[in-house]
Amino acid sequence: MFFREIQGRDIQTYDERYVLHIRGTKNNRSDRYVPLDEDLRNTIAAIDPEPYEYISVTRAGNKHDQQSFTRLTERLRHDMNIAMGAKTKDIKYETLSGQTRTKTEIYGPKPLAEDFVPYCLRHTYCTDLKDKGIDIRDAQYLMGHSDISTTANIYTHGNKDTAVKIAGILDSQITTGGTTVNGGKRHKNANDKNQQALKKAK
């Protein structure tokens, strides 16, 4: 379900929490409920849409079509580039009605990847779930993946932060002076035996 299809009836409460009902039809896992964070919930609450009213519409109050969605995507890219530190300058211009307005233009390099599209945020969301320690089966449900291997492809995509996190866990399991926890002593003894075996082999 595209965001432009979301209506007021899709914002629901369950166990005193706000959730979004994604009316998916792509596969048997597409139809699902995902939690809404506080900022997004407050934004939607300010709109206060009727049950069958779209929560995101054009300035004229109409449902987004492909053309208006493209413009919206370009605006998102523009704002993200500025948020990421792109250099800007304000330019004044005159409208057809004779009004003077100011718009912010970007000059120089744009930090946002050229191939960015809103769909990329799905991958970001899944990565955030992994970083927060969400079980992969729960992530599969939230993402609407029919095959858990699709979720696993993202969950197993490590980065430098993953390496640092693992190093911290390992450091917490092994302490100095030979005193260890969580099986660390067994691993240390195994390493000592390996070292002894290598010396004998020499």
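Guide: Set aside the neighbours of Gln140 within four places in sequence, and Gln140 is in contact with Arg29, His145, Ser146, Asp147, Ile148 and Thr151. Gln140 itself sits in helix H4, which spans residues 136-143. Keep in mind that this is a predicted model.

Is Gln140 buried or exposed? Its relative accessible area is 6%. Buried means under 20%, so Gln140 counts as buried. Across the chain, buried residues make up 23% of the 202 residues.

Now the wider fold. The chain has seven helices and five strands. Along the sequence, the pattern reads β-β-β-α-α-β-β-α-α-α-α-α. Take contacts between residues at least 6 apart in sequence: 42% of them join residues at least 24 apart.

Next, the sheet. Three strands form an open sheet in the order E1-E2-E3, and their pairing is antiparallel. Its edge strands are E1 (11-14) and E3 (32-35), each of which pairs on one side only. From one strand to the next, the twist averages 45 degrees. In general, strands of a sheet pair through backbone hydrogen bonds, either parallel or antiparallel. Strand E2 covers residues 17-22, and four bridges join E2 to E3 in the antiparallel sense.

Rolling a probe the size of a water molecule over the atoms shows where empty space is left. The second largest pocket holds about 560 Å³ of space. It is lined by 14 residues, and those closest to its centre are Arg59, Arg71, Leu72, Glu74 and Arg75. Two elements give two or more residues to this lining: helix H2 (66-83) and strand E5 (100-106). Which element gives the most to the lining of the second largest pocket? That is H2, with six residues. By class, the lining of the second largest pocket has seven charged, five polar and two nonpolar residues.

Back to the starting point. Gln140 is a buried residue of helix H4. Its contacts beyond four places in sequence include Arg29 and Thr151.

How values were computed: Residues are numbered from 1 along each chain as its sequence is written. This is a predicted model: local features need pLDDT of at least 70, side-chain atom pairs count only at pLDDT 80 or more; totals for chains, interfaces and linings use all residues. Side-chain values use heavy atoms; hydrogens and water are left out. Two strands pair if DSSP finds at least two bridges between them. Axes are lines fitted to C-alpha atoms, for helices over the stretch in contact, and angles run from 0 to 180 degrees between N-to-C directions. On a 1 Å grid over the protein atoms alone, a cavity is a set of points where a 1.4 Å probe fits but cannot get out, and a pocket is an open set with protein on both sides within 12 Å along at least five of seven lines; lining residues have an atom within 4 Å of a point. Grid points are joined across faces, edges and corners, and a volume is the space filled by probe spheres set on the points. Ala, Val, Leu, Ile, Met, Phe, Trp, Tyr, Cys and Pro count as nonpolar, Asp, Glu, Lys and Arg as charged, and the others, Gly among them, as polar. Buried means under 20% relative accessible area, exposed over 50%, partly exposed in between (1.4 Å probe, protein chains only). Contact means heavy atoms within 4.5 Å.
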